[in-house]
Amino acid sequence: MSTREDRLDAILSKLDHEGTVGVEALSHELEVSVATVRRDLDLLEQRRLVERTHGGATRRSVDYELSLRYKEAAATEAKAAIARAAVDRITPGSVVGLSGGTTTFMVADALSQRDDLLADLTIVTNAVDIANKLAIHPNLKVIVCGGVINTSSFELVGSFVDSVLRGIWLDLAFVGVHAISADSGGMTANEDEAYVNRLMAERAEQAVVVADSSKYGRKAFAAVGGTDVFQAIITDDHLGEDDREDLTAAGYDVELAPLEQSR
């Protein structure tokens, strides 16, 4: 059971069927340490999905089918918190790159609400949904990279994107990924998008991964890059302390955006 979210799903499934779980049994079943299980149960308790007991946990008196909807809401909340933290890094007059993705789209949404930044800012993006989101602001300069559109992600890819990005320089780039780990860096499911994301990061004075904590420890098909192209990661404060230490030790500046501000 390689990732935290996978373990949490397994624990919730076991609770759904048995009503109670023990730390020792979960440690053996999930092949992780007792300390890791305790941290997972503590996190589920924080999310109001379990009640901790001596030596384990019990299910709360809620419909566990709601846990999926809870996770979706929590992911949206996390992305909103990350987006606000990202926008706080932007200074007036900057040239900012935004890759495609749901988290970077929320960065665009948060930015659209900041009148103090919009009048003197240039946005470069390969995502048509982000461009459409920001195009309504007349004082904001939006540059869209040409290319072939990926209809599943609204991202433009191909040689036209390459020619545009290689001809410009960015102060800051926010790049979304499908997965990230301390050893492998950022990854996406599509090799063409991974190439564009890496190029955008390379063209920036500072490149920042924006990804909620559920992406940590996962793997995806195509590598974007690690600390060779990214200097920082903005994620939510549900990232475990050990995970944060691993990322910091790998060389990333890690910012944890507090979810409680979005409640």
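This is a walk through one protein chain, from its overall build to a few single residues.

What you see is a predicted model, so local features are described only at a pLDDT of at least 70, side-chain atom pairs count only at pLDDT 80 or more, and totals for chains, interfaces and linings use all residues. Residues are numbered from 1 along each chain as its sequence is written, and side-chain values use heavy atoms, with hydrogens and water left out.

Let us begin with the whole chain. The protein chain holds ten helices and 15 strands; these are DSSP runs numbered from the N terminus, with helices (H or I) of at least four residues and strands (E) of at least two. Along its principal axes, the C-alpha trace spans about 60 × 35 × 35 Å. A compact globule of 263 residues would have a radius of gyration near 18 Å, and the 20 Å of the protein chain agrees with that. The radius is taken over C-alpha atoms, and the globule rule is 2.2 Å times the number of residues to the power 0.38.

Of the 263 residues, 49% are buried, where buried means under 20% relative accessible area, exposed means over 50%, and partly exposed lies in between (1.4 Å probe, protein chains only). The protein chain exposes about 12,300 Å², and carbon and sulfur atoms supply 49% of it; the areas come from the Shrake-Rupley method with a 1.4 Å probe, and for residues only the protein chains shown count as cover. Contacts, meaning heavy atoms within 4.5 Å, tell us how the chain folds back on itself. Among contacts in the protein chain with a separation of 6 or more, 66% are between residues 24 or more positions apart.

Now look at helix α5, residues 102-111, where Thr103, Thr104, Val107, Ala108, Ala110 and Leu111 are buried. Seen down the axis of α5, these buried residues fall within an arc of 165°, so they line one face of the helix. That arc is the one of the directions from the helix axis to the C-beta atoms. As background, an α-helix has 3.6 residues a turn, so residues three or four places apart point the same way.

From there, turn to Ala83 in helix α4 (residues 66-87). Ala83 is buried, at 1% relative accessibility. Leaving out residues up to four places away in sequence, Ala83 touches Met106, Val107 and Ala110. Its C-alpha atom is separated by 8.3 Å from that of Leu111, 28 residues along the chain.

Leu121 sits in the loop between α6 (115-118) and β5 (122-125), and it is buried at 3% relative accessibility.

Finally, two residues stand out for their backbone. Most residues other than glycine have a negative phi. Glu31, however, has a positive phi near 60°. Glu31 belongs to the loop between α2 (23-30) and α3 (34-46) and is exposed, at 71% relative accessibility. Phe154 is not a glycine either, and its phi is positive at about 65°. Phe154 lies in the loop between β7 (148-150) and β8 (155-157), and its relative accessible area of 41% makes Phe154 partly exposed.
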